[in-house]
Amino acid sequence: MHIQWYPGHMTKTRRMMEETISLVDIVIELVDARIPYSSKNPDLDELAKNKHRILLMNKSDLADPAATEIWTKYFEEKGFHVIEMNAIKGTGMADVTNAARALMKDKIEKLRARGRINVPIRAMIAGIPNVGKSTFINKYVGKTTAKTGDKPGVTRGKQWIKLKKDFELLDTPGILWPKFEDQQVGLKLAFTGAINDDILDAQTLATAFINHMMVVNPDCIRKRYNIEFDTIAEPHDVLRQIAEARGFKLKGDEPDLERASKILMDEYRGGKLGRLTLELPEDINDMLAEKEAREKEKAQTDKARKAEYKKERNK
């Protein structure tokens with residue numbers, strides 16, 4: 001499955017991020033705890049490299065706790081202050097303010113020593129669509145200030161939100177980059193709902209998910225649908241078993257694979273298959289190696305095309 005986004009949106013959003021990031025002291029980024037690497041915007045680390053960073057591992061109640069602990073250590077070693085949270089329930093909210101004040105303590109004390117009495121902390125909140133950013137803001141502020149929805153891309157523009165005398169939060173639109181160079185990243189975003197289901201085929205997505213879970217945790221599917229299969233089974237056959245186990249039928253007694261596909265993805269996203277993390281830090285090297293191999297292959301193809309073009313012109 002090939003997944004692309006539109007470059008115009010990314011260009012505009014990146015420009016906005018570059019213009020506004022200089023206004024803040026702290027960059028707070030939400031990621032999905034089930035896919036911390038794949039749900040993290042790759043450009044933000046470069047743009048915010050001179051800022052304090054807080055990373056919110058949202059939906060941590062849906063992720064494997066042991067895996068979340070591994071990811072927390074990974075990001076802390078890279079200089080992030082990491083907070084596990086559940087934006088819907090409000091778990092971890094108080095830790096955000098405390099962390100921001102702790103990060104800014106030295107700077108505030110220096111400014112006050114120079115006569116600055118009121119020194120507000122300015123933070124920016126960022127995250128890809130459907131990672132829970134608007135829900136977090138609503139819960140954090142204590143009232144509905146940001147529009148929420150179950151479809152990606154609800155937040156449209158940036159806005160300052162004054163939380164307290166000493167704390168201001170800059171909201172930014174959700175971000176998706178224009179082209180997923182690693183298709184596994186695109187698939188994981190699709191699995192968790194960060195990419196709108198309307199642009200993807202349900203059966204293709206479901207079979208890709210089954211294929212992924214064959215490696216990660218096949219038992220979660222076996223137990224949920226009370227079916228048996230080997231990890232070398234065809235994902236399409238497993239999907240048929242799910243449809244049959246749930247009694248999803250079409251005319252002619254054929255299994256309704258479309259309905260089974262939608263149920264599978266809905267139940268995964270709702271945590272009914274268990275607390276599942278789809279990637280670990282050790283997977284990153286493999287993903288980067290695959291990316292390097294693709295770039296090398298592309299460079300060779302481009303070189304061959306240029307040589308062929310030059311040959312044709314010289315005839």
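Colleague: How many salt bridges does the count come to?

Modeller: The count comes to 13 salt bridges. Please note that this is a predicted model.

Colleague: Which residue meets Glu-279 in a salt bridge?

Modeller: The side chain of Lys-188 does, with an N to O distance of 2.9 Å. Glu-279 lies in the loop between H10 and helix H11 (282-313), whereas Lys-188 belongs to helix H6, so the pair ties together parts that are 91 residues apart in sequence.

Colleague: Are Glu-279 and Lys-188 buried or exposed?

Modeller: Both Glu-279 and Lys-188 are buried.

Colleague: What does Glu-168 pair with?

Modeller: Glu-168 forms a salt bridge with Arg-122, at 2.8 Å from N to O. This pair links distant parts of the chain, with Glu-168 in strand S6 (residues 167-171) and Arg-122 in strand S4 (residues 121-126), 46 residues apart. Glu-168 counts as buried because its relative accessibility is 15%, under the 20% limit. Arg-122 is partly exposed, with a relative accessible area of 31%.

Colleague: Changing topic: which residues have the most contacts inside the largest nonpolar core?

Modeller: They are Leu-56, Phe-136 and Ile-221, in a core of 61 residues. Leaving aside residues up to four places away in sequence, Phe-136 touches Leu-30, Leu-56, Met-85, Ala-87, Met-93, Val-96 and Ile-125. A second, separate core has eleven residues, among them Met-16, Leu-44, Met-124 and Leu-170.

Colleague: How many helices and strands are there in the chain?

Modeller: The chain has eleven helices and six strands. Of its 315 residues, 47% are buried.

Colleague: What covers the buried residues of H10?

Modeller: The cover includes helix H6 (183-192), helix H7 (202-216), helix H8 (219-225) and helix H9 (235-246). The buried residues of H10 are Leu-257, Ala-260, Ser-261, Leu-264, Met-265, Glu-267, Tyr-268 and Arg-269.

Colleague: Where does a side-chain oxygen of Asp-256 reach?

Modeller: At the start of H10, that oxygen comes to within 3.3 Å of the backbone nitrogen of Glu-258. Just after H10, Gly-271 adopts a positive phi of about 80°. Helix H10 itself (residues 257-269) reaches 18 Å from its first C-alpha to its last, close to the 18 Å expected.

Key
Residues numbered from 1 in each chain as written. Predicted model: local features only at pLDDT ≥ 70, side-chain atom pairs only at ≥ 80, totals over all residues. Heavy atoms only, no water. Helix = DSSP H or I, 4+ residues; strand = E, 2+ residues; numbered from the N terminus. Buried < 20%, exposed > 50% of the residue type's maximum accessible area, 1.4 Å probe, protein only. Core = buried A, V, L, I, M, F, W, Y, C linked by side-chain atoms within 4.5 Å. Contact = heavy atoms within 4.5 Å. Expected span 1.5 Å × (residues − 1). Polar contact = N/O pair within 3.5 Å; in protein donor to acceptor, adjacent residues only side chain to side chain. Salt bridge = Lys/Arg side-chain N within 4 Å of Asp/Glu carboxyl O.
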